Amino acid sequence: MAAAEAGARECGEPGQGGRQALYFCGSIRGGREDWALYERIVSRLRRFGAVLTEHVAAKELSARGEEAAGGDSFIHERDLAWLQQADVVVAEVTQPSLGVGYELGRAMALNKRILCLFRPQSGRVLSAMIRGAADGSKFQVLDYEEGQVEAMLDRYFEADPPLAGSCHP
């Protein structure tokens, strides 16, 4: 959680520093099998802005989730505040997760730019509610192989970089 708080502080107040705020979604309580991949994604995302949710990639974070002083309610409110600050939401959606689906729905309601990354070789089929939401612009779903993740992120952010300058759209 300390890494996530540091990312949020790095973003700062509106107009301060001009770094864009990135919200990364990955499975926590739905399963932690992909934590090492999440770590690679978060590491690459740091090139493009302040990652508000770095803790999702932490190896020590178990499928039981984090232990926050205010419990689940505190986590919910904190994460929604970060989601509101975010300029772009990036989600690894291969491991099914109710929380990630919820975050994506809230991000859509907030009119955020959304990138979902899915690995078809996992043998899973992506939910129609995610793939069907893709519009090729504001909400994108990209299929990829694990070895391509950094290049996929580079292409996404370099092709249409989000407007920097304010962490609060």
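This is a predicted model: local features need pLDDT of at least 70, side-chain atom pairs count only at pLDDT 80 or more; totals for chains, interfaces and linings use all residues.

Residues are numbered from 1 along each chain as its sequence is written, and side-chain values use heavy atoms, with hydrogens and water left out.

**Whole chain.** Show the cartoon: the protein has six helices and five strands. Helices (H or I, at least four residues) and strands (E, at least two) are DSSP runs, numbered from the N terminus. Along the sequence they follow the pattern α-β-α-β-α-β-α-β-α-β-α. Of the 169 residues, 48% count as buried; buried means under 20% relative accessible area, exposed over 50%, and partly exposed in between (1.4 Å probe, protein chains only).

**Aromatic pairs.** Rings of Phe, Tyr and Trp (its six-membered ring) pair if their centres lie within 6.5 Å; planes under 30 degrees apart count as stacked, over 60 as edge-to-face and the rest as tilted. The count by this rule is three aromatic pairs. Select F24 and Y38: their ring centres are 5.5 Å apart and the planes lie at 65°, so the pair is edge-to-face. F24 belongs to strand β1 (residues 21–25) and Y38 to helix α2 (residues 35–45), so the pair links distant parts of the chain, 14 residues apart. F24 and Y38 are both buried.

Next select Y156 and F157. Their ring centres are 5.0 Å apart with planes at 90°, so this pair is edge-to-face. Y156 and F157 are buried.

**A polar neighbour of Y156.** Which residue's side chain makes a polar contact with the side chain of Y156? Select R113, whose side chain makes that contact at 3.0 Å. A polar contact is a pair of N or O atoms within 3.5 Å; within protein, one must be able to donate a hydrogen and the other to accept it, and residues adjacent in sequence count only if both atoms are side-chain atoms. R113 is in strand β4 (residues 113–118) and counts as buried at 14% relative accessibility.

Finally select α2 and helix α6 (residues 149–159). What makes the contact between α2 and α6? On α2 it is L37, R40, I41, R44 and L45, and on α6 it is V149, E150, L153, D154 and F157; contact means heavy atoms within 4.5 Å.
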